[in-house]
Amino acid sequence: MKKKVVLAFSGGLDTSFCCIHLTKDRDLEVHSVVVNTGGFSEEELKEIEARAYALGVASHAAVDETENYYNDSIKYLIFGNVLKNATYPLSVSAERVCQATAIANYVKKIGADYVAHGSTGAGNDQVRFDMIFNILIPNVEIITPIRDLKLSREAEIEYLAKHGVEYTAEKAKYSINKGLWGTSVGGAETLTSNKTLPESAWPTQVTETEAKQVELTFEKGELVAVDGEKLAPVRAIQKLQAIAAPFGVGRDIHVGDTIIGIKGRVGFEAAGPMVIIKAHHALEKHTLTKWQLSWKENLASFYGNWLHEGQFHDPIMRDMEAFLSSTQSTVNGKVFVELLPYRFHIVGIESANDLMSNKFGSYGEMNNAWSGEDVKGFSKIFGNQVMIWHKVNSEK
């Protein structure tokens, strides 16, 4: 009996190489599994399945984790307005954690002896997958052919050709990963510090040229309606993505520190996520207090970074999620957004929880809840200790 290996499979160059290598060179029974986090259509999933069987796998499974991905990660990224380095909505980072967890569960389900993934030795994914497998299935050996053999993409293409599998260099030119929370794009340009991706590299081309307003409705921090249509959060994200992506908004190149200590660049297309985060943040600025916003920002930064580095299963993450959830009880209302080619802006909000209530007066004019004399006394007391410090130390 051949030993079983579960292969995290996408149908791309790296995992196609792994299929044949594990079967032919390692004499293992390969069971491929693709984890759908909202980036694959039914047609694409069928194509991936057909490719897996053509490459000689013993079995293939598609696991849909889209709802879990939203409930376990994306929801809290929205609550925290998380943008890594003030730029990147963790489109791939959080997705990889979800995928690695689902694959570990599948390994346990079929009782595999090994688990394999197609990560290289240069990026973050190798750490995320390895670490989560070590946490959840510590007795299962991890195989990483691309990393272990130190293969270039050209060497992989040549190997596949020798085994009758055609994979052109042009097809492998850009590495594209699509999920519910955005699409990453990697290519020769992102390996430099001075080049940007060409227009043709972006998965969604710009077809909208006229300004468009969109209305987003949030309840307890979650997006629940787009242009008045009530939707479950996953469907709401997908609808907004379909509306905003043709404007070319949410495109950028993220420069960050990898888990293994080097700098890296990746392009991303995340129209829906970027609009949602900015709209949600605008609503929070109206409905949360100063210190709620301040502590949220501090914790969300740590939460996003720890998730980016694959540490989803650290119990501190559940503690921070509880705090983030607690802050969202008053984050209710509508946000009005204007979309234009390559940019968008927040027009304004409407909320029953808006703290800019005219019950307390108008900003810049006399307020109704206190008098000018109250402010005079408060100002003296508020700066009292600093005044004393300056008086004591200036005399010295």
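Trainee: Which residues do ring pairs link into a cluster with Y76?
Mentor: Ring pairs join Y76 with F79 and Y303. Rings of Phe, Tyr and Trp (its six-membered ring) pair if their centres lie within 6.5 Å; planes under 30 degrees apart are stacked, over 60 edge-to-face, the rest tilted. Keep in mind that this is a predicted model, where local features need pLDDT of at least 70, side-chain atom pairs count only at pLDDT 80 or more, and totals for chains, interfaces and linings use all residues. Residues are numbered from 1 along each chain as its sequence is written, and side-chain values use heavy atoms, with hydrogens and water left out.

Trainee: How many aromatic pairs does that rule give?
Mentor: Seven aromatic pairs.

Trainee: Why is the pair of Y76 and F79 called edge-to-face?
Mentor: Because their planes are at 90°, with the ring centres 5.9 Å apart.

Trainee: OK, packing. At what angle do α3 and α10 cross?
Mentor: Roughly 145°, and their axes come within 10 Å. Axes are lines fitted to C-alpha atoms over the stretch in contact, and angles run from 0 to 180 degrees between N-to-C directions.

Trainee: Which residues make the contact?
Mentor: From α3 you get D72, S73, Y76, L77 and F79, and from α10 K296, Y303 and L307. Contact means heavy atoms within 4.5 Å.

Trainee: What about α10 and α11, how do their axes cross?
Mentor: Helix α10 (residues 290-308) and helix α11 (residues 316-326) cross at roughly 145°, with axes coming within 10 Å. On the α10 side, the residues include W295, F302 and W306, and these meet a set in α11 that includes I316, M320 and F323.

Trainee: Switching topic: where does E284 lie?
Mentor: In helix α9 (residues 271-287).

Trainee: Is E284 buried or exposed?
Mentor: Buried, with a relative accessible area of 1%.

Trainee: What is E284 in contact with?
Mentor: Setting aside neighbours within four places in sequence, E284 is in contact with F79, N81, L293, K296, Q328 and V331. F79 is also in the ring cluster, and K296 also takes part in the contact of α3 with α10.

Technical notes. Helices (H or I, at least four residues) and strands (E, at least two) are DSSP runs, numbered from the N terminus. Buried means under 20% relative accessible area, exposed over 50%, partly exposed in between (1.4 Å probe, protein chains only).
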